[in-house]
Every structure is written in structure tokens, then in C-alpha cells.
Amino acid sequence: MTSPVEPSFRRLGRDRTHFVFDASIEPAIKVGLGESIRVETQDAHSGTITGPEVVYETLDQVLDTIGGANPVTGPIFIEGIEAGDCVTVEIQQVEGAPVTGFGYMTTTPTLHPSLMAESVICPRTDSGDVAIPTAQGPISVPYRPFIGTLGLAPAGEPIPSFQQSPRILGNVDLPEITAGATVLLRAEVDGGLVSLGDAHLSQGDAEIHRSAIECQADVRLRFGRATPDQAGYYGLPQVNTASELGSVAPGPGHLEDLVRAAYDDLSLRLCHTGRFSRAEAYRLLGAVGTVRIGQVVPPVYSTLAKIERRYLG
């Protein structure tokens, strides 16, 4: 009996990274609507943290040493996308740490003044989990890889890839941006120009570290197009799955304001279905809506408001 043949996809290598979302960067690849490709991403420090002996004291040291922070692979030009269209980015697969085989966390005094700067390697275990070293021995946590930074190029001035904006999405560090999710964004330039990177092997609610189980990744993506009306787009990026609808409020802004903004956007999307008034949407979200906190690295914050589709009828 012969084994099934793995489908072949075009591949965009992790040598095509940059440190900004920028419409002036020449596309690294052009893809068609409905085409799946594999994108290799680099870790948040461009592969320079190879062991605990490599330590960055400050963000300025990172910028001076590697030329930026949070490298993203791309840009990916999507044929058939025009400025004003909504781009759907279907995440089909995320394989974390495919080359190094490990992730890492860094600790600096910016997290707490009593802490020394250090790098801690977090290897994959034989069982497939991720090991976090402690003085009492390693603690295994679930392997749940996701993409921390994904966005489109803005029209106008570039935006550094370690920042975020409702216009582009960016560095929001939301574990929901993983296999099975579809991210929806509104293109400001023709082709959309998607870039992504900053994968994590796992993360709880809120990234409180400046670097938290960072890793390389291989990601399989497929792109689509929708009009804003078809997508129910009301100004904020969306992260949707087969079972949930979600609206993302990236910073800048205070965390409580972002929670409110994400729920406001989601309430409008519920109204867009034609099933609810605005008041009914808020009541439903108040009863069964949930919030995921992504970034909590001052001054960068992000939130995702969600509701299960089963409540929408």
C-alpha cells in the first residue's frame, strides 16, 4: 500500500524578513486568491539567541545588534486584492521551532526591577510538550504554537513590526491566531502586502514578558477576498473560526478602552447578521462574550472579544 503524497506548496523562506510594515518594500512573492503557500518565519531576535549565554539587556541593544525587533517574513502580494478590499488570511498549519527545535524566554529588569537579564531555553519534550526550566526541574506546558505578529502594509508611513494598529493588526500576540483561524483585515494598498512572524510555542492570557517562548515557525496560509459588507467589517481586524467570531482591538490605548472597543465592534457585527438590535447584541455579549488579552507590555496592549457562533442562531 502506497503512502499518500504530500501536497506541494510554494515556499517563502525566512531569509526574506524585514522590520517594518511598509508598502514601499518590493513583494517577496505574489500569490493568487485561494492559493496555499508555506511561509517560514524567524523568531523575535532573528535567530541570534542560540543559548543562555546570549543575553540582551535592553530593547535598544536588540535594535543596535540586529537592526530591529520582531522580524516578519514578506511582503506577500495577493493578486486580485485592491485597496479597500478585505483580505482573509486562513491559517491552515503552524509548526513551531522547525529549525532550532526550541523556544526561548528572556527576562529583563523592565519586567521587574529585581530581575537580572537572562535568556532561558525552552526545549520541546519527547512527549511533544514544551519544557520551562526551574530550579526544581522542568515544568511541561502544552505545545500550542501561534503567530504573534501578522499584518498588512499601511498606505503612507511605515509601521515598525513590533508595533500594532487597527489599520494593520501587527504585534498583538493572540494565541487565537493559529491553525484553524481566519484573520480578516482591510487592505490599504493593492495586493494587501501581508507579512508575518514572531511565533510562540505557547502562551497564556497576556504576554507579560517582552519575549515569551519565542520561536521560528513554518506556517501554511491561504488568502481570499471579501467586500467590507460581505465581511461585516466595521473598522477592527477580525479573528474567526468555525465555532467563534472575534474582533481585535490593537493598541495604542489603555487596556480597558481596548476591551470596550473590541466589544463595540463585535456588537456591530452581530447587528450585521440581521438577527439582533444593538441593545440585544450588547445583552448577548454581556451574557456569553469572552475576552482574550494578548499584549500587556507597556505601552503595547491588545484584546480580542469573542462569541461562540452557536448563540447566533
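Guide: Let's start with Thr 108, which is buried, at a relative accessible area of 10%. This is a predicted model, where local features need pLDDT of at least 70, side-chain atom pairs count only at pLDDT 80 or more, and totals for chains, interfaces and linings use all residues. Residues are numbered from 1 along each chain as its sequence is written, and side-chain values use heavy atoms, with hydrogens and water left out.

Visitor: What does buried mean here?

Guide: Buried means under 20% relative accessible area, exposed means over 50%, and partly exposed lies in between (1.4 Å probe, protein chains only). Glu 40 is buried, with a relative accessible area of 15%, whereas Val 291 is partly exposed at 34%.

Visitor: Where is Thr 108 placed, and which residues is it in contact with?

Guide: Contact means heavy atoms within 4.5 Å. Helices (H or I, at least four residues) and strands (E, at least two) are DSSP runs, numbered from the N terminus. Thr 108 sits in the loop between β8 (102-107) and β9 (118-123). Leaving aside neighbours within four places in sequence, Thr 108 is in contact with Tyr 56, Glu 57, Leu 115, Met 116 and Ala 117.

Visitor: With which side chain does that of Thr 108 make a polar contact?

Guide: A polar contact is a pair of N or O atoms within 3.5 Å; within protein, one must be able to donate a hydrogen and the other to accept it, and residues adjacent in sequence count only if both atoms are side-chain atoms. The side chain of Thr 108 makes one with the side chain of Thr 110, at 2.4 Å. Glu 40, in strand β5 (residues 36-41), gives another example: its side chain makes a polar contact with that of Arg 11 at 2.9 Å. Beyond four places in sequence, the contacts of Glu 40 include Arg 11, Thr 73 and Asp 218.

Visitor: And what about Val 291: which residues does it touch?

Guide: Val 291 belongs to strand β22 (residues 290-297). Not counting residues up to four places away in sequence, Val 291 touches Val 259, Tyr 263, Thr 303 and Leu 304. Val 291 and Thr 303 are 12 residues apart in sequence and 6.8 Å apart in space, C-alpha to C-alpha.

Visitor: Back to β8, then. Why is it largely enclosed by the rest of the structure?

Guide: Strand β8 is largely enclosed because six of its six residues are buried. Phe 102, Tyr 104 and Thr 106 point one way from β8, while Gly 103, Met 105 and Thr 107 point the other way, and all are buried.

Visitor: How many bridges join β8 to β9, and how many join β8 to β18?

Guide: Two strands pair if DSSP finds at least two bridges between them. β8 and β9 run antiparallel and are joined by six bridges; in β9, Glu 118 is the bridge partner of Thr 107. β8 is also joined to β18 by two bridges, again antiparallel, and Tyr 104 stands opposite Glu 214 there.

For practice, look at strand β12 (residues 146-152), with seven of its seven residues buried. It pairs with strand β17 (residues 192-200) in the antiparallel sense over six bridges, where Leu 150 has Leu 196 as its bridge partner. Three bridges join β12 to strand β15 (residues 169-171), also antiparallel.

Visitor: How should I read cavities and pockets?

Guide: On a 1 Å grid over the protein atoms alone, a cavity is a set of points where a 1.4 Å probe fits but cannot get out; a pocket is an open set with protein on both sides within 12 Å along at least five of seven lines; and lining residues have an atom within 4 Å of a point. Grid points are joined across faces, edges and corners, and a volume is the space filled by probe spheres set on the points.

There is one cavity of 30 Å³ or more.

Visitor: What is the volume of the largest pocket?

Guide: The largest pocket has a volume of about 470 Å³. Of its 28 lining residues, the closest to its centre are Leu 59, Ala 69, Arg 210, Ser 211 and Val 297. α1 (59-66), β17, β18 (211-215) and β22 each supply at least two residues of the lining. The second largest pocket comes to about 170 Å³, and its lining includes Leu 184, Gln 230 and Arg 309.
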